[in-house]
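User: I have a protein chain open and would like to go through it with you. Can we start with the whole chain and then pick out some residues?

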Amino acid sequence: MKNCFYPADILLPRFASDAEKMRKWACIACDQYTSEPEYWIRADKLVGDAPSALRLILPELYLGEAAERTPEINRRMDEYLDGVLVEHKSSMIYLERRLNSGKVRRGLVGALDLECYDYTRGATSLIRATEGTVLERIPPRVAIRSGASVELPHIMILIDDPDRSVIEPIAKSELTPAYDFELMLSGGHVKAGFVSADEQARISESLDRLMVGENPLLFAVGDGNHSLASAKAFWEQLKPSLSDDEKKSHPARYALCEIVNIHDDALEFEPIYRVVFGANPDELIAEMNSYAASLPESGIAAQEIEYVTKDKSGKLVFTNPTSLLPVGTLQTFLDGYLKAHPEASVDYIHGVDSTKKLASDDKAIGFIFRGMEKSDLFPTVVRDGALPRKTFSMGEANDKRFYIEARRIKPAK
């Protein structure tokens, strides 16, 4: 059985050794700060006219403007392929990301074979989603990808490697420098190098040894679930038009990503909180209490969920939760509430402070709750399948993966 992780023809800016230019090049994952446009405005001003990954991605804040913005993004991709990006054949990149806490998270960038990935509930593939995939979120992303000549990954994939046999030994090997610079807007620092062919072979062998038992889960999607699902959907859409030989080598068959060991000391799981907008907070709290009181005995220990509004806060108790995780119990209620109240909407927020800030509007209410332990992830996904959507985040928003590397997803002309 192949482990499905391979070297890739990685694109980096020709100025990768220039720390100041790279600071303007790299930008945060598109699914961050979705209710905080001021972040993206600051990033835009900082970048100015400089070449930047910011010009090659569509922040989800602007997803409703995809039709207007996408042609310019695709034009910039072709422009950058002509003079900004340089291809490094058959590469893997080892990187160390110093977070704002001072901790260093280690990762490895390469390509995953999408033939090994299945995001549907109950999947037994080597690569699996860790949270529910919202199918209606995929088509607009597929439309964006279908016109793109390159991809930039914010996808982070987890491996369960308690012996630290895959990624951690790379730090002791000789690496050809790739980049080393401070990230914009309190993003921390990143330093990376190219992994040798011999080290790539060792990595592959180490991954093979992690595939134990029937239907092993080798790669669990940590961040970028819908981006990877969209890459898979695009590949399935493209396959019927390809010959057998083209299917084996077409660049769209693969997705660039960073793999991280779930046992990395710097990797911390943070809950993804909820803020409901366009609601009457008092009425929503009353409905939630009524809903909680109506639930039948579940045999699951009681759960507390904190709420915060513009002028008060408190706790709601679910004596008979509907899910093992508080986020699942809350999400089940919110799904029903939003169907009954189409004027309301929900956003998924990283960090307590951001949640409280956004909940300070007159018609907003935020929910804060206990998250899951990262050691529970692989066993839970193997046993129960995907978790409720937006269950956890790997760190605060500014610790998310930045777009740095790219890769062609269309054959070169």
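User: How far apart are the mean positions of the positive and negative charges of the protein chain?
Analyst: They are 2 Å apart. The chain has 51 positive and 64 negative charges. Bear in mind that this is a predicted model.

User: How many helices and strands are there in the protein chain?
Analyst: The protein chain has eleven helices and 22 strands.

User: And what radius of gyration does the chain have?
Analyst: The radius of gyration is 22 Å. That agrees with a compact globule, because one of 413 residues would have a value near 22 Å. The C-alpha atoms fill a box of roughly 60 × 50 × 45 Å along the principal axes.

User: What percentage of the residues is buried?
Analyst: Buried residues are 56% of the 413. The accessible surface is about 18000 Å², and carbon and sulfur atoms account for 49% of that.

User: What about contacts between residues at least 6 apart in sequence, what share joins residues at least 24 apart?
Analyst: That share is 79%.

User: Switching to single residues. Where is Lys 400, and is it buried or exposed?
Analyst: Lys 400 sits in the loop between strand S20 (392–394) and strand S21 (402–403). Its relative accessibility is 2%, so Lys 400 counts as buried; the cut-off for buried is under 20%.

User: What does Lys 400 touch, beyond residues up to four places away in sequence?
Analyst: Lys 400 touches Ile 28, Gln 32, Arg 97, Arg 105, Asp 223, His 350, Ser 393, Met 394 and Gly 395.

User: Which side chain does the side chain of Ser 149 make a polar contact with?
Analyst: The partner is Asp 78, at 3.1 Å. Asp 78 is also among the residues in contact with Ser 149 beyond four places in sequence, along with Met 77, Leu 81, Arg 407, Arg 408, Ile 409 and Lys 410.

User: Last one, Leu 295. Where is it found?
Analyst: Leu 295 is in the loop between helix H8 (281–294) and strand S16 (303–308). Its relative accessibility is 14%, so Leu 295 counts as buried. Leaving aside neighbours within four places in sequence, Leu 295 contacts Phe 318, Asn 320 and Thr 322.

How values were computed. Residues numbered from 1 in each chain as written. Predicted model: local features only at pLDDT ≥ 70, side-chain atom pairs only at ≥ 80, totals over all residues. Heavy atoms only, no water. Helix = DSSP H or I, 4+ residues; strand = E, 2+ residues; numbered from the N terminus. Rg over C-alpha atoms; globule rule 2.2 N^0.38 Å. Buried < 20%, exposed > 50% of the residue type's maximum accessible area, 1.4 Å probe, protein only. Contact = heavy atoms within 4.5 Å. Areas by Shrake-Rupley, 256 points an atom, 1.4 Å probe, with all protein chains shown as cover. Lys, Arg positive; Asp, Glu negative; His and termini not counted. Charge placed at Lys NZ, Arg CZ, Asp CG, Glu CD. Polar contact = N/O pair within 3.5 Å; in protein donor to acceptor, adjacent residues only side chain to side chain.
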